[in-house]
Amino acid sequence: MAQQEDVFKKIVAHAKEYGFVFPSSEIYDGLSAVYDYGQNGVELKNNIKRYWWEAMTLLHENIVGIDSAIFMHPTIWKASGHVDAFNDPLIDNRDSKKRYRADVLIEDHIAKIDEKIDKEVAKARKRFGDSFDEAMFRQTNARVVELLAHREAVHTRFSEAMNANDLDGLRQIIIDEEIVDPISGTKNWTEVRQFNLMFKTEMGSTADGSMTVYLRPETAQGIFVNYLNVQKTGRMRIPFGIAQIGKAFRNEIVARQFIFRMREFEQMEMQFFVRPGSEMEWFKYWKEWRLRWHKALGLGDEKYRYHDHEKLAHYANAATDIEFQMPFGFKEVEGIHSRTNFDLSQHEKFSGKKIQYFDPELNQSYTPYVIETSIGVDRMFLSVLCSSYEEQALEGGDSRVVLHLPAALAPVKCAVMPLVRKDGLPEKAREIVDELKFDFTTHYEEKDSIGKRYRRQDAIGTPFCITVDHQTLEDNTVTLRHRDSMEQQRVNIADLHSLIHSQVSLNALLRKI
Ligand code: ATP
């Protein structure tokens, strides 16, 4: 684990050094849990967004996009339940003066018990070898049985306290389980309080004429309140979906782990409107389809898992997360929720407008049910970055840091390099750039040795380097170097476009889903 944490620190440092992610307001010592994307980061991020947007809107003829405003009528957040219930339970440690989410402390504690169980199982597997029967071991080994019973008991108390919003109950679990502050190591805890995560601001110029508005904590509500507009103007027939990418804001209590939990972040959400009664079928469809979207990137199928929710949000009748193996464990990257007709019904109630769909096939009106897929752009970015990062030892004692980014997402697709800065090679290289730049993000690089230039491109994940040498002037061929294998092939300049295109196009990636 310590080793993994080290790797994570290196990834964060790498992200800064190579222009992917900077702490916000850095010259003023930063702003907690807010980050800026640099010259390479913005390209990677835009490519992730394009991959999602096109997968949704191009591959599904019944999904359209919108771009709704961040400010919305404040009653929307009353209707959605965010004003009253978008809270996290907060607890402070009096010694370290650090603030925690009480639910996260307990979840981490449960995860530690799970780790202990896994360790016992691993030890036994080693001891018994091929004849090991894990199910039997879990049922009969006294230590494991005891740990499992303990885990179940804590988990049941936890679910009950969360479902009942029982803050004292949560605190009691922390006390009874003797959970200590990871920093001070003490159990000197305050009471648990509810903390609303929405940012508030004022809209309007005069003191009495102004009203309190919120920075949206999710993009979904912008979709719900536009349901009628899109359905009518787009003459959409159920089932259909509305997709949106945009900023969301949450005043997170604990914001650590880099861009995993930010106070300003970006979401890619799609709400899919279906006939009541068909929602479980569509839930299953989207659960599977979204995982296929992730896996098509080739980051490693074993890095994903579903986590089905036991505690459902007030609006949901089924929910699952797609978790990704980050250096700090499996973590939620995307949520897929069956939201029933909760949101549309609430907006109907609070706005007084009829929000229904007339189904011509059933000859009947109803409030559509909704399946939501909701993914954080920044968490997706982090999963791509972490799984692509490699420190590679090379032959001859050399080493390199390489980002094995999926080629379609790489910020720069190819770099063109004259071997030397004379003899007409720079001019020839420029000619190639001027041809390729219309289709691919192309860098021109002439500074430093060719080896150093390759390393720089490896470090930002550029799939191809093209080197122009003296032979190029004679026969119009160049060397094409592949990032991952470092293999070099001699190719004709005329073939460059199609060779690169076949590897880096988003189209090829979309076809893999
Ligand atoms: P968590 O339990 O980690 O707080 P959540 O369940 O509250 O997340 P959702 O409300 O389901 O998250 O939001 C959908 C997606 O938005 C998440 O899967 C995640 O990718 C992203 N997201 C949510 N909160 C943040 C945040 N503070 N920073 C970055 N991304 C976030």
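**Close-up views of a predicted model**

Helix 5 passes helix 8 in a left-handed crossing, a crossing being left-handed if the near helix is turned anticlockwise from the far one by less than a right angle, and right-handed if clockwise. The model is predicted, so that local features need pLDDT of at least 70 and side-chain atom pairs count only at pLDDT 80 or more, while totals for chains, interfaces and linings use all residues. Residues are numbered from 1 along each chain as its sequence is written, and side-chain values use heavy atoms, with hydrogens and water left out.

**View 1. Helix 5 against helix 8.** Helix 5 (residues 102-128) packs on helix 8 (residues 167-176) at an angle of about 40 degrees, and the axes of the two are 10 Å apart. Helix 5 is therefore oblique to helix 8 (angles under 35 degrees count as roughly parallel, over 145 as roughly antiparallel, 65 to 115 as roughly perpendicular and the rest as oblique). Axes here are lines fitted to C-alpha atoms, for helices over the stretch in contact, and angles run from 0 to 180 degrees between N-to-C directions. Helices (H or I, at least four residues) and strands (E, at least two) are DSSP runs, numbered from the N terminus. Ala102, Leu105 and Ile106 of helix 5 meet Leu170, Ile173 and Ile174 of helix 8, where contact means heavy atoms within 4.5 Å. By class, this contact of helix 5 with helix 8 holds six nonpolar, no polar and no charged residues (Ala, Val, Leu, Ile, Met, Phe, Trp, Tyr, Cys and Pro count as nonpolar, Asp, Glu, Lys and Arg as charged, and the others, Gly among them, as polar).

**View 2. Helix 7 against helix 8.** Helix 7 (residues 142-163) and helix 8 pack at an angle of about 155 degrees, and their axes are 9 Å apart. The two helices are therefore roughly antiparallel to each other. Helix 7 contributes Val154, Arg157, Phe158, Ala161 and Met162 to the contact, and helix 8 contributes Gly169, Leu170, Gln172, Ile173 and Asp176. The residues of this contact of helix 7 with helix 8 comprise six nonpolar, two polar and two charged.

**View 3. Helix 2 against helix 11.** Helix 2 (residues 39-57) packs on helix 11 (residues 279-295) at an angle of about 140 degrees, with the axes 12 Å apart. Helix 2 and helix 11 are therefore oblique to each other, and helix 2 passes helix 11 in a right-handed crossing. Ile48, Tyr51, Trp52, Ala55 and Met56 of helix 2 make the contact with Trp286, Trp289, Arg290 and Trp293 of helix 11.

View 4. Of the 16 residues around the ligand, Glu252, Arg261, Met262, Glu332 and Val333 come nearest, a residue being near a molecule or strand if one of its heavy atoms lies within 4 Å of it. A backbone N or O atom of Met262 lies 2.8 Å from a nitrogen atom of the ligand, and a polar side-chain atom of Arg250 lies 3.0 Å from an oxygen atom of the ligand.

**View 5. Two loops.** Ile238 and Pro239 are joined by a cis peptide bond, with omega about 5 degrees, and Pro239 lies in the loop between helix 10 (227-233) and strand 9 (240-249). Asp29, although not a glycine, has a positive phi of about 70 degrees.

Note on methods:
Polar contact = N/O pair within 3.5 Å; in protein donor to acceptor, adjacent residues only side chain to side chain.
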